[in-house]
Amino acid sequence: MIRVFCLLLLLALCPSLAPAQETTERFGQGDTPFLIRSTTDIAIIRPLIESFAARRSDLAITYEQWGSNALFEKSREDCRRDEPGADAILSSAVQQMVWLVNGGCASPYRSPETLALPSTRRWRDEIWGITTEPAVIAYNKAAFAGHTVPNSRFALLDALRNDPDRFRRKIATYDIAESGLGYLFAFSDSLEATTFGALLESFARVDAVATCCSAEIIAGVAEGRYLVAYNVLGSYVTSAARPEVATILPEDYTLVLSRAYMIPRQARQKGAATGLLDFLLTAEARAMLDRVGLITTMEASETGLPLSARRSIALAPPLLVALDSNRRAQLLKLWKDTFAAGSVP
């Protein structure tokens, strides 16, 4: 009993002994191990990994799904120790990926496919943007029957000010302390001084909810527990296939994210990693990404959104400011104070 108690105490004191990845799946029957670590849900990206595995019969592919913050910490530790870990990393928390590249943790690569990417989606030939995903305002369609749907942050502010009781504890967004993606969106919003402070004031006034993850937020909107979800990735709404939920591309500005792909410096299977990268940039793979909602056409003729309202989050050094310790501490405190009443434990 004493040995059991000591073991339990050790596990409690050392949470890192438990695997940090959320789930794992294997593809292919080859003999060469190839490890992908990603924040992208396996259910969404499975068709692409299966297609790549069919092309590379030599590989035994392990796909690990991680939370963005845990993936960043693990990748940074592998780099610091110069130990082999993942052979390829794909993350939506692109500020963390830029940090890894800037810290000398990435392996360079060039090909016609990577060189064809726009400059906002390629930096130092060590990080590449694979997807095109807008951050949207999602809403419960039934709840807005007979009501005007807020098509911008200004309209959302007006709705919250005019009818705060209707929206009390009915607005949800990411908990930026837990979500690297949520933190990235909040940081990007903070650069837009015209609305950021007013939004936080309004969120505080109606006890808005900050919670962990896209699936919970979207399910809450579909079930009517939330009327509006702010700054949720449109791809997650698409993949959730909830007909009760509709989305808006905010007309004042819409953030557009490209998930970042990186090949770690110490990767064992760099050839397989570059092969996967080139495959993800082919027309065939892009069509598959489009079908699962990871590529959204952002042309003004299709979205009605003017080019001036599109804010692509560039894979570039300015993102390092988001991880400055003082800036991060200030933003986290502001967020915590705003959502103190409405946060979900």
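Modeller: What follows is a quick tour of rings, charges and backbone.
Modeller: This is a predicted model, so local features need pLDDT of at least 70, side-chain atom pairs count only at pLDDT 80 or more, and totals for chains, interfaces and linings use all residues. Residues are numbered from 1 along each chain as its sequence is written, and side-chain values use heavy atoms, with hydrogens and water left out.

Biologist: Rings to start with. How many aromatic pairs?
Modeller: Nine aromatic pairs. The rule: rings of Phe, Tyr and Trp (its six-membered ring) pair if their centres lie within 6.5 Å; planes under 30 degrees apart count as stacked, over 60 as edge-to-face and the rest as tilted. One of them joins Phe144 and Phe167. That pair is tilted, 6.4 Å centre to centre with 40° between the planes.

Biologist: Where do Phe144 and Phe167 lie?
Modeller: Phe144 is in the loop between strand S7 (133–140) and helix H6 (153–162), and Phe167 is in helix H7 (residues 164–167), so the pair ties together parts 23 residues apart in sequence. Helices (H or I, at least four residues) and strands (E, at least two) are DSSP runs, numbered from the N terminus.

Biologist: Phe144 and Phe167, buried or exposed?
Modeller: Phe144 is buried, and Phe167 is too. Buried means under 20% relative accessible area, exposed over 50%, partly exposed in between (1.4 Å probe, protein chains only).

Biologist: Which edge-to-face pair can you show me?
Modeller: Phe203 and Tyr230. Their centres are 5.6 Å apart and their planes 65°. Phe203 lies in helix H9 (residues 196–205) and Tyr230 in strand S10 (residues 228–233), so this pair ties together parts 27 residues apart in sequence. Phe203 and Tyr230 are both buried. They also belong to one aromatic cluster with Trp335 and Phe339.

Biologist: What packs against H9?
Modeller: Helix H15 (residues 325–338) does. The angle is about 35° and the axes are 9 Å apart. Axes here are lines fitted to C-alpha atoms, for helices over the stretch in contact, and angles run from 0 to 180 degrees between N-to-C directions.

Biologist: Which residues make the contact?
Modeller: From H9, Phe196, Leu200, Phe203 and Ala204. From H15, Leu331, Leu334, Trp335 and Thr338. Contact means heavy atoms within 4.5 Å. The residues split into seven nonpolar, one polar and no charged.

Biologist: Which charged end sits over the ring of Tyr253?
Modeller: That of Arg153, 3.6 Å from the ring centre. Arg166 lies over the face of Phe144, 4.9 Å from the ring centre. The test is NZ of Lys or CZ of Arg within 6 Å of the ring centre and within 35 degrees of the ring normal.

Biologist: Now salt bridges. How many?
Modeller: The whole structure has 23. The criterion is a side-chain nitrogen of Lys or Arg within 4 Å of a carboxyl oxygen of Asp or Glu. Take Arg37 and Glu64, at 2.9 Å from N to O. Arg37 is in strand S2 (residues 32–38) and Glu64 in strand S3 (residues 59–65), 27 residues apart.

Biologist: How accessible is Arg37?
Modeller: Arg37 is buried, at 9% relative accessibility. Glu64 is buried as well, at 10%. Arg37 and Glu64 are linked with Lys74 and Asp78 in a network of salt bridges.

Biologist: What does Arg56 pair with?
Modeller: Asp58, with the closest N and O atoms 2.9 Å apart. Arg56 is partly exposed at 24%. Asp58 is partly exposed at 32%.

Biologist: Backbone next. What is the phi of Asn231?
Modeller: Positive, about 60°, although Asn231 is not a glycine. Most residues other than glycine have a negative phi. Asn231 lies in strand S10 and is buried, at 4% relative accessible area.

Biologist: And what about Ala241?
Modeller: Ala241 has a positive phi too, about 50°. It is in the loop between helix H11 (234–240) and strand S11 (245–248). Ala241 is exposed, at 58%.

Biologist: Last one. Where is Glu133?
Modeller: In strand S7. Glu133 is buried, at 0% relative accessibility. Leaving aside neighbours within four places in sequence, its contacts include Leu233, Ser235 and Arg259.

Key. Nonpolar A, V, L, I, M, F, W, Y, C, P; charged D, E, K, R; others polar.
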